[in-house]
Amino acid sequence: MDEIGLSAGTVALMLLLLILPVLFFLTSRARAGKSGALRQIPGLEDLPNSVGRSAETSQPLHVSVGVGGVGGLSTAETWTGLTLLTQLADEAASCDTRLIVTVADPTVLPIAQDILRRASIRHGNSDGYDPTQVRFIAPIPMAYAAGVSGMLEREPLTGSVMVGSFGDEYLLMGQTGARLGVHQVVGTADPGTLAQVYASADDTLIGEDIFAAGAYSRKLPIQIGSLMTEDWARWVVAAAVVLLAIWKILTRA
Amino acid sequence: MAILKRTLPAALAIAVGLFVLVALLLPVPLLSTIGTYFIDCAVIIAAFALFLGLLNVVRVHFGHIRDRTKTWPYSAVLLAALLLVFVAGVFTLTPSQADPSQPSGLSHPAMQWVFTNVMAPLQATFGALLAFLTVAAAYRLFRRRSAESAVLLVVVLLVLAGQASFGLLPVLPQLRDWILDVPALAGMRGILLGVALGTVLTGIRLLLGVERPYSD
């Protein structure tokens, strides 16, 4: 950014000021019902079935929000995992199904416990909440993956939903789940890990798909508007990349 | 009560979040100082969360032992190890009065022994397993017999051949480099672009207080 005489902070501020009006405009369109249909993301649409399978078999569903925490670089990914957990907790509470949530970062522990507690209260079953449903495994990614793999091996689980920040350690959990026939829905933003996820999971949420979770579950106008803003911004950035490439070729010639 | 339980915490979170964002974006020293103070406060609160994590581990595994689940012996070993390291950590926390120059805390030889002889080998072992798990994952993928799996198989074989061509076919390393530098990199950048936009918009929704999984 120094090449064009702007600091990273200034560019970020400019981007923010450009995105905000678009977000508000598209949110108002979504509120007026002019947003159109959301494209299909099989992994997100299959989530209610994961809870359904769990209810049918009376076996718990495993949920992981990744190895990241709240407050670090992976906050956004962890937050999408927590948003999905809210949806799953509501569905599980409505059909009296048990979730087992594993966390690797202690900052996520009280939030995840609170999500399950509130879901139980919302569905009039406050006695159904058990704080040990949320388990802090280990803060080191490899130790966390080993702990979750052990849990998948030993405890009868119908499915595993893992959405958040994962690295290479994912394979340890993913392959264990695949070997045991546990239905796995996995999403992460790291392109390196996505290849491993694609190879071992039943449904994969690729990169930005995980950020669409809220719009698919709660369908609030601002979430749908945010999704549309993301689509528009992607087209703008792609067009800018193509135009800059053409400009560079022409000026070099 | 609803104001105290819901509105006030949410308003505080949004206000502090917006303040820290503005402090990061605008180069004003006073804003920066206050923003750093808020971040330091968050770090201290996060440190307390580690204590909650410790209590959670004890509670979960104590429950396994009490209920005599199938895995209770593992839980007993885990709690014993936890207690041992915790006690060792407490006793080695402060420098020895006889010789204050001796290392203390995590640098103490007892703690270092635990990390060098228990933690590091275990992590290295699990790390080494990943190579075999990658092969198993690839095998599982190829058994799906889909078009995507076939493309992946061809690309993997070409990259592997380029990596280990032993100079027999010079075109293979060139092909490997082209695959990695053009289609693979383009795909990766496309994913990262979407992730970056998704992160920005998730941040905006959080700061606007729209997405709050921690409250009704």
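Predicted model: local features only at pLDDT ≥ 70, side-chain atom pairs only at ≥ 80, totals over all residues.

Colleague: Is Ser58(A) buried or exposed?

Modeller: Ser58(A) is found in the loop between α3 (47-57) and β1 (61-66) of chain A. Its phi is near 60°, a positive value in a residue other than glycine. Ser58(A) has 11 other C-beta atoms within 10 Å, so it is exposed.

Colleague: And Asp96(A), buried or exposed?

Modeller: Asp96(A) lies in the loop between α4 (75-94) and β2 (99-103) of chain A. Its phi, near 55°, is again positive in a residue other than glycine. Most residues other than glycine have a negative phi. Because 12 C-beta neighbours lie inside 10 Å of Asp96(A), the residue counts as exposed.

Colleague: How is chain A divided, and what classes of residue are on the side of domain 1 of chain A that touches domain 2 of chain A?

Modeller: Domain 1 of chain A takes in 2-33 + 220-252, and domain 2 of chain A covers 42-217. The centres of these two domains, over C-alpha atoms, are separated by 31 Å. Five residues of domain 1 of chain A are in contact with four residues of domain 2 of chain A. On the domain 1 side of chain A, the classes are two nonpolar, two polar and one charged.

Colleague: What span should helix α1 of chain A have, and how far apart are its end C-alpha atoms?

Modeller: Helix α1 of chain A runs over residues 8-31 and has 24 residues. At 1.5 Å a residue, the helix should span 34 Å, and this agrees with its end C-alpha atoms, which are 34 Å apart.

Colleague: Which residues of α1(A) are buried, and what covers them?

Modeller: The buried residues in α1(A) are Ile19(A), Leu23(A), Leu26(A), Thr27(A) and Ala30(A). Just after α1(A), Gly33(A) has a positive phi of about 80°. The cover over the buried residues of α1(A) includes α10 (221-252) of chain A and α6 of chain B.

Colleague: How do α10(A) and α6(B) pack, and what classes of residue make up their contact?

Modeller: The axes of α10(A) and α6(B) are 10 Å apart, at an angle of about 145°, and the crossing is right-handed. Residues of α10(A), including Ile222(A), Ala233(A) and Val237(A), meet residues of α6(B), among them Leu193(B), Leu197(B) and Leu201(B). By class, the contact of α10(A) with α6(B) has six nonpolar, four polar and three charged residues.

Colleague: Which element gives the largest share of the side of chain B that touches chain A?

Modeller: In total, 49 residues of chain B are in contact with 50 residues of chain A. The side of chain B has 31 nonpolar, twelve polar and six charged residues. Elements giving two or more residues to this side are α1 (2-25), α2 (29-66), α4 (109-142) and α6 (171-207) of chain B. The largest share, 16 residues, comes from α6(B).

Colleague: What do the buried residues of α2(B) pack against?

Modeller: α2(B) has 38 residues and reaches 56 Å from its first C-alpha to its last, close to the 56 Å expected. Its buried residues are Ala49(B), Gly53(B), Asn56(B), Val57(B) and His61(B). These buried residues of α2(B) pack against α5 (108-122) and β3 (134-136) of chain A, together with α3 (72-91) of chain B.

Definitions and conventions
Residues numbered from 1 in each chain as written. Chains lettered and ligands numbered in written order. Domains from an automatic or database assignment. Contact = placed C-beta atoms within 7 Å. Nonpolar A, V, L, I, M, F, W, Y, C, P; charged D, E, K, R; others polar. Helix = DSSP H or I, 4+ residues; strand = E, 2+ residues; numbered from the N terminus. Expected span 1.5 Å × (residues − 1). Buried ≥ 20, exposed ≤ 12 C-beta atoms within 10 Å, placed from the backbone. Axes fitted to C-alpha atoms, helices over the stretch in contact; angles between N-to-C directions. Left-handed = near helix turned anticlockwise from the far one by under 90°.
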